[in-house]
Amino acid sequence: KGTLLQVWRGEFANVTEMWHSRGEPQILMPEGLLIGLDGKSNFVNTITSTSAWPDSSDFSFKGYYLDTQQLPEIQYQNTSSSVYDKLAPIKDGLRRSIRVIGNPVTCYVANASKIEQVDKELYRINGDYYIRFTKGDKATIRTIGNHQELLLSVEKNRSYDIIW
């Protein structure tokens with residue numbers, strides 16, 4: 001699906017479980033502050049105000065390119081749009097930059113039981129982390145069932161910060 005599953009800030013990883021006595025579970029555990037995300041598909045061309053966000057979208061992974069700082073920019077494409085999605089570290093989290101060629105897309109930013117608009121461009125997600133949009137960007141909060149979704153319409157270029 002090409003989506004974020006979790007993010008963390010701090011030391012890279014603790015792999016003790018993989019090597020100590022070679023027992024179970026043999027997993028990598030991120031060190032530092034960890035935020036789990038829901039892992040839904042990130043982009044659709046159209047969505048109604050009441051329809052559920054799809055479990056998968058018609059965007060296909062087309063590859064990635066490294067910029068001059070060696071950060072990946074991932075490309076997705078469907079019949080009407082090409083989307084370039086880039087993550088870059090910032091002091092207090094990650095900056096996500098989205099570039100669209102073709103028809104506009106809607107970007108699935110967050111899903112939570114409670115999304116609060118704290119300031120014009122700042123949203124608190126379940127009290128766990130924040131989303132900060134670029135000045136002037138207008139995000140939409142919609143309630144579907146017992147949860148809320150934070151969506152951003154992207155016509156050409158948009159970015160937002162995930163802060164935790």
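The side chains of R124 and E116 meet in a salt bridge with an N to O distance of 3.0 Å, a salt bridge being a side-chain nitrogen of Lys or Arg within 4 Å of a carboxyl oxygen of Asp or Glu. Salt bridges with shared partners also join R95, R132 and D161 into one network. The model is predicted, and local features need pLDDT of at least 70, side-chain atom pairs count only at pLDDT 80 or more, and totals for chains, interfaces and linings use all residues. Residues are numbered from 1 along each chain as its sequence is written, and side-chain values use heavy atoms, with hydrogens and water left out.

E116 also forms a salt bridge with K114, where the closest N and O atoms are 4.0 Å apart. Relative accessible area is 25% for R124, 26% for E116 and 47% for K114. Each of these values counts as partly exposed, the class between buried (under 20%) and exposed (over 50%), with a 1.4 Å probe and protein chains only.

In total, the structure holds nine salt bridges. One of them links K86 to D67, with the closest N and O atoms 2.5 Å apart. Because K86 lies in strand β8 (residues 81-90) and D67 in the loop between β6 and β7, this pair ties together parts that are 19 residues apart in sequence. Strands (E, at least two residues) are DSSP runs, numbered from the N terminus. K86 is partly exposed, at 21% relative accessibility. The side chain of D67 also reaches two backbone nitrogens, that of Q69 at 2.8 Å and that of L71 at 2.9 Å.

L122 is found in strand β12 (residues 122-125) and is partly exposed at 23% relative accessibility. Beyond its neighbours within four places in sequence, L122 is in contact with E116, Q117, Y130, I131 and R132, contact meaning heavy atoms within 4.5 Å. L122 and R132 are 10 residues apart in sequence, while their C-alpha atoms are 4.5 Å apart.

Four strands form an open sheet in the order β5-β10-β15-β14, with antiparallel pairing. Its edge strands, each pairing on one side only, are β5 (43-44) and β14 (139-144). Two strands pair if DSSP finds at least two bridges between them. Strands β10 (residues 105-112) and β15 (residues 147-154) run antiparallel and are joined by seven bridges. The bridge partner of A112 in β15 is Q148.

F12 lies in the loop between β1 (6-9) and β2 (13-14) and is exposed, with a relative accessible area of 58%.

Methods. Polar contact = N/O pair within 3.5 Å; in protein donor to acceptor, adjacent residues only side chain to side chain.
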